[in-house]
Amino acid sequence: MRKRNTDGMKEEAVKILVSAKRVTDPDARIRLKSDLSGIQSEGLEFKLNPFCENAVEEAIRLRDSQGGEIVAVSIGTDDAATELRRALAMGADRAIRVAGKDDELDSDLVARVFVKVIEAEKPDLVIFGKQAVDGDSNQVAQLVAEYLGWGQACFVSHPEGSAGMTSQTPGLKIANGKAVAMREVDGGAEIVEVDLPAVVSADLRLNEPRLPTLPNIMKAKRKPLEEKTFADYGVAPTLKVKTVRYANPPERKAGIKVADVDQLLDKLTNEAKVL
Amino acid sequence: MSKILVIADHAGGQLRKGTLGVITFARQLAAKSGGSFDLAVIGQGVGAVAQAVTGYGAGKVYVIDSAELAKYTAQGYAQAVAEVARKAGATVVAACASSFGKDCMPRVAVKLAAGMASEVVGLGNGAGVTYVRPMWAGNVLGEVEITTPVHVVTVRTAEFDSAAPAGGPSPVEAVATTVSAAALKQRLLDFRPTVSARPALTEARVVIAGGRGLKSKDNFKIVYDLADALGAAVGATRAAVDAEFIENDYQIGQTGKIVAPDLYIGAGISGAIQHLAGMKNAKVIVAVNKDEEAPIFTVADYGLVGDLFKVLPELTARLKVRKG
Ligand SMILES: Cc1cc2nc3c(=O)[nH]c(=O)nc-3n(C[C@H](O)[C@H](O)[C@H](O)COP(=O)(O)OP(=O)(O)OC[C@H]3O[C@@H](n4cnc5c(N)ncnc54)[C@H](O)[C@@H]3O)c2cc1C
Ligand SMILES: Nc1ncnc2c1ncn2[C@@H]1O[C@H](COP(=O)(O)O)[C@@H](O)[C@H]1O
């Protein structure tokens, strides 16, 4: 399928591979077990990583406007099927789950598995989330791009308020065999061009992820979800980074309430001595 | 024994101050492992940056100054960083956890077959080298071990004091690069800077942050007025940025900037964990919120329950009178 848009640019159909990580509820206050061996997971809810929601949403927007296919991929336990079904209910076409456990993964192993999936699926575009909100590593997209020798556009967004940009300006365009994207960086915004196939990582302001509708949730149950293992892809489950210990961050205690601006100024000047 | 290579962060031909935090990290790691550190300055027209980092006791300051690196790309810069790292025989390659470090350093890790630790805030206490880094929006600290011979790290510079010049000048050595801009799969088309006359958010001694409670872009003026009365930087929550009250460059938090100023004043901010992740290491936290139950009060040294539209202008006026 090939379409021409109004400004005459060729917008080709795109096959998109998108990640869908299962993570702890991003708004939950995570606490360590008393023996510090890991986090307390009892009663915790799990969700689709917010940045992956942006990635899936962007994939749908691109496919719906220019045609193509979306494959959602997650590396996780059986439970990760829930997040893949959510991506399917949002609008992805099919899904692949590669069996793996979070505490036996690092960003590099995740990246090496993705490389194999990408080599098998041959997408034009791979969209990751900028970071997983559990490990907060922010590495997988960049690692995959380097392993494949591809270009990358990471932290893609549409920074409202920057010169000439409005919230209507899409942060990512695919045309003429290239991706053009706007990325949030220190000190401003970059507009970058990347040859396809390319790797992109989505920031939260890229789009507003849709909520799946009930009919689409029902439809998603019948969409294909393949189950794979590291062995299927010939990936050795070795880790380059291992978490050997957890600790609680220094606890910050609530201070006092001041009655008014006068008392605040007095405290800041004479007690805290920061003015 | 570590041989550490610190990659200087710079913009517009000027050294970014965060680099001095990475130098402090490198000194700590060198002291612990009995090693030493070098510096690398990579880009085009970076002579002044190289000069700015010669007085910190690095064994060497390696410089790649090339027209092929005139415009930043992750692919091109990763290649150049890896070239210097090999030349220096680096066992640890460290950069700021800035947008440069986050974007570029994972690619360096692949080139050097290295494991990478992101946003390092300290070293572990044990005998071996381990790195401490926040996880789950800073609710947890994880201590990680890198099992490969070469380590790549990005350093959360707000957690390290800026290094003072010490240890004498370093010899500068020019290094050639094989990077060819034309061969890269990506290009920088345009950079649109955020223009501000106020101090940089991550470097300021005082930060005034505004949240959704400000209600409009125009109302943010009262935040700017207070910032100007204190010579402070301005910050914001994601909600304020999403509502287009202010540009994304000013977002503080898990997915924005990490700040650790002497004084942080937050107004109209509820104190979501993702925001706290970016500011809870400020020395003194002041919160102004009309809701006395707002979670930000649980971390504030001084909480003022009240209407920010009254409190902030009053504070500004008082400070102006003081200054005379
Ligand atoms: C994955 C993820 C990453 C995120 N990353 C970040 C991040 O990096 N940074 C970040 O900030 N957020 C981040 N968030 C969003 C975060 O969860 C909160 O939604 C956000 O911080 C809330 O911003 P706020 O405090 O301005 O708004 P609100 O939570 O709406 O709070 C507004 C506050 O203003 C007070 N108020 C209103 N009017 C007045 C008045 N007249 N006077 C005084 N007080 C008043 C209210 O009482 C309220 O407490 C992230 C969320 C997710 C899911
Ligand atoms: N186990 C996983 N399954 C699917 N995607 C993942 C997984 N881990 C990481 N990712 C993707 O890679 C991005 C960056 O992850 P990280 O480097 O771990 O912060 C995330 O936002 C996800 O999009």
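**Entry 1: ligand 1**

I began with the shell around ligand 1, whose residues divide into ten nonpolar, 14 polar and six charged. For the classes I took Ala, Val, Leu, Ile, Met, Phe, Trp, Tyr, Cys and Pro as nonpolar, Asp, Glu, Lys and Arg as charged, and the others, Gly among them, as polar.

A note before going on: this is a predicted model, where local features need pLDDT of at least 70, side-chain atom pairs count only at pLDDT 80 or more, and totals for chains, interfaces and linings use all residues. Residues are numbered from 1 along each chain as its sequence is written, chains are lettered from A and ligands numbered from 1 in the order in which they are written, and side-chain values use heavy atoms, with hydrogens and water left out.

Where does ligand 1 lie? I found ligand 1 between chains A and B. Of the 30 residues around ligand 1, B:Arg212, B:Thr237, B:Ile252, B:Ser270 and B:Gln274 come nearest; a residue counts as near a molecule or strand if one of its heavy atoms lies within 4 Å of it.

Next I listed polar contacts, meaning pairs of N or O atoms within 3.5 Å; within protein, one must be able to donate a hydrogen and the other to accept it, and residues adjacent in sequence count only if both atoms are side-chain atoms. An N or O atom in the side chain of B:Thr237 is 2.6 Å from an oxygen atom of ligand 1. B:Ser270 has a polar side-chain atom 2.6 Å from an oxygen atom of ligand 1, and for B:Gln251 the value is 2.9 Å, again from a polar side-chain atom to an oxygen atom of the ligand.

On its own, ligand 1 has 990 Å² of accessible area, and the protein covers 85% of that. Such areas come from the Shrake-Rupley method with a 1.4 Å probe; for residues, only the protein chains shown count as cover. The elements giving two or more residues to this shell are α1 (50-66) of chain A together with α6, α7 (273-279) and α8 (308-323) of chain B. Helices (H or I, at least four residues) and strands (E, at least two) are DSSP runs, numbered from the N terminus.

**Entry 2: ligand 2**

I then turned to ligand 2, which has 19 residues around it, with A:Ser19, A:Ile75, A:Gly129, A:Asn138 and A:Gln139 coming nearest. Its shell divides into eight nonpolar, nine polar and two charged residues.

A:Ser107 brings a polar side-chain atom to 3.3 Å from an oxygen atom of the ligand. Taken alone, ligand 2 exposes 480 Å², of which the protein buries 97%. Two or more residues of the shell come from each of β6 (68-76), α3 (107-121) and β8 (125-129) of chain A.

**Entry 3: a sheet with strands from both chains**

I traced an open, antiparallel sheet of four strands in the order β15(A)-β10(B)-β9(B)-β8(B). Two strands pair if DSSP finds at least two bridges between them. β15 (241-247) of chain A and β8 (122-123) of chain B stand at the edges, each with a single partner strand, so one side of each is left without a neighbour in the sheet. Six bridges join β15(A) to strand β10 (residues 140-146) of chain B in the antiparallel sense. There I saw A:Lys242 opposite B:Glu145 in β10(B).

**Entry 4: ring pairs**

B:Tyr77 sits in helix α3 (residues 74-88) of chain B and B:Phe100 in helix α4 (residues 99-111) of chain B, 23 residues apart. Both B:Tyr77 and B:Phe100 are buried (under 20% relative accessible area; exposed is over 50%, partly exposed in between, with a 1.4 Å probe and protein chains only).

For B:Phe220 and B:Phe245 I noted centres 6.2 Å apart and planes at 55 degrees, so the pair is tilted. B:Phe220 and B:Phe245 are buried as well.

Conventions: Phe/Tyr/Trp six-rings, centres within 6.5 Å; stacked < 30°, edge-to-face > 60°.
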